[in-house]
Amino acid sequence: MTDPDLIARYDGRLPRYTSYPTAPHFHGGVGAAEYAEWLSALPPEAAISLYLHVPFCDRLCLYCGCHTTVAHHERPKRLYAQALAREIGLLANALGRKALVTQIHWGGGTPTALPGDCLEGLMNLIRERFRVAPGAEIAIEIDPAALPAEKLDALAGMGLTRASLGVQDFEERVQKTIGRMQSFDETLDAAIMLRKLGVRSINLDLIYGLPHQTEASVVHTARQALELEPDRAAVFGYAHVPWMKKHQALIPEAALPVGAARLQQEAAIRKVLAEEGGLVPVGLDHYARPEDEMAKAAQTGKLQRGFQGYTTDLAPVLIGLGASAIGALPQGYVQNQPNIPAYEAVVAQGHFPVSRGIVLRDEDRLRRAVIERIMCDLAVDIPAMARAFGAGEQVLLADAAPLSGFAEDGLVDWDGRRVTVTERGRPFVRNVAALFDAYLRQADNTKPCHASAV
């Protein structure tokens with residue numbers, strides 16, 4: 001089957017499966033009271049991970065689907081940092097102990113949009129109120145073109161172990177169209193400075209499917225990315241959702257590669273990173289050096305998937321801090337108020353800013369495990385997974401019936417019990433996972449809330 005045939009059959013709008021159930025199914029029936037109960041029920045020895053969301057950027061990138069805004073003045077950033085500090089205090093008080101923290105991730109937006117003393121102060125507060133593990137991963141997302149020298153001292157004081165540099169594409173025409181001018185030299189300088197600060201791992205983010213990209217141009221960008229000697233790389237398909245992100249309407253749709261062109265761009269980047277760069281493909285869209293923890297986790301079945309994508313973090317609890325941040329606890333998911341002034345007002349009153357969430361049912365936990373193993377391992381033994389959860393296998397096997405067609409198209413190997421996604425099928429792994437998404441079948445398809453599957 002040709003690439004256009006595969007696209008015609010399988011391309012659609014599907015979740016990225018960074019959670020299950022996915023965020024569109026969260027609801028207002030779960031709020032601050034439920035969250036407080038969930039926190040109080042955590043075992044004293046439970047390790048936690050922290051995600052801090054900074055919803056500010058120094059420029060508006062037209063492709064961006066993140067919850068962020070451009071803030072040119074310092075005052076709103078400092079007010080927000082104060083609110084983050086209050087939420088950190090609320091969390092520590094609710095836990096009633098200095099909980100062990102094994103991973104800290106600063107995301108956004110652009111975390112370095114905060115003043116340097118705010119970044120350092122918040123990191124110091126976390127160390128004061130929690131027990132940060134000696135080997136904890138402390139990661140941050142960085143825009144290389146918005147990294148002034150005065151921020152470097154703050155970053156040095158934060159004890160960063162990993163930094164993710166947004167590259168997207170190095171072609172000038174593409175950069176102009178998406179509103180993100182960034183030279184190779186700027187990116188190289190950022191990587192060099194971060195390594196001098198002691199950052200051990202550098203990740204690069206690349207995107208295919210952007211306006212004016214071609215197979216040749218993404219290959220050129222991928223080769224330039226390898227010159228930066230990254231430890232990891234993430235390669236995302238551009239999600240064009242202008243009905244959700246109004247600024248994306250400024251991107252000329254006629255310039256967007258569609259259908260088979262996107263699939264061919266993804267394959268071309270994968271070939272460069274894997275065959276020329278020696279990076280190991282991980283899951284759907286990540287790559288890592290063979291000696292990297294992520295590559296090792298993928299090989300040993302310990303890879304995890306969460307709201308920041310693929311991770312090696314095994315903590316049973318993820319706490320989201322900041323406007324719109326999502327937390328994952330054994331009982332379910334919670335999401336903070338996305339509106340920044342509303343978020344700040346709630347925490348100023350001494351309350352958790354949770355605005356919605358969802359309680360996990362036993363069936364949700366089973367389906368989440370099946371979907372996560374498909375997304376991480378590209379394989380799952382359905383009856384074995386059902387037995388592990390004390391459930392029957394019949395319903396899941398019924399959901400798996402379409403896999404026979406996937407197998408005929410060369411996307412999976414399927415023996416009626418165990419499914420394994422092939423290399424040809426790797427770009428379609430979300431299609432495989434979606435077969436087990438009970439909520440997706442109930443969704444209102446007249447209101448699109450997901451991006452293209454490929």
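Buried means under 20% relative accessible area, exposed over 50%, and partly exposed in between, with a 1.4 Å probe and protein chains only. The model is predicted: local features need pLDDT of at least 70, side-chain atom pairs count only at pLDDT 80 or more, and totals for chains, interfaces and linings use all residues. Residues are numbered from 1 along each chain as its sequence is written, and side-chain values use heavy atoms, with hydrogens and water left out.

**View A. Helix α8 and its packing partners.** Helices (H or I, at least four residues) and strands (E, at least two) are DSSP runs, numbered from the N terminus. The buried residues of α8 are S217, V218, V219, T221, A222, Q224, A225 and L226. They pack against β7 (162-168), α7 (184-196), β8 (201-208) and α9 (260-276). Contact here means heavy atoms within 4.5 Å. The helix covers residues 215-227, 13 residues in total. From first C-alpha to last it reaches 19 Å, close to the 18 Å expected. That expected span is 1.5 Å times one less than the number of residues. E229 follows α8 and has a positive phi, near 55°.

**View B. The open sheet β18-β20-β19.** Two strands pair if DSSP finds at least two bridges between them. The 3 strands here pair in the antiparallel sense. β18 (379-381) and β19 (412-414) stand at the edges with a single partner strand each, so one side of each has no neighbour in the sheet. Twist averages 10° from one strand to the next. Its axes are lines fitted to C-alpha atoms, for helices over the stretch in contact, and angles run from 0 to 180 degrees between N-to-C directions. β18 and β20 (residues 418-421) are joined over 3 bridges.

**View C. Q82 on helix α3.** Q82 lies in α3 (residues 74-95). Its relative accessibility is 41%, so Q82 counts as partly exposed. F307 is 225 residues away along the chain, and the C-alpha atoms of Q82 and F307 are separated by 24 Å.

**View D. The nonpolar cores.** A nonpolar core is a set of buried Ala, Val, Leu, Ile, Met, Phe, Trp, Tyr and Cys residues joined through side-chain atoms within 4.5 Å. The largest has 79 residues, and L50, W106 and F130 touch the most other members. α3 gives the most to this core, with 9 residues. A second, separate core has 56 residues, including L6, F26, I382 and A438.
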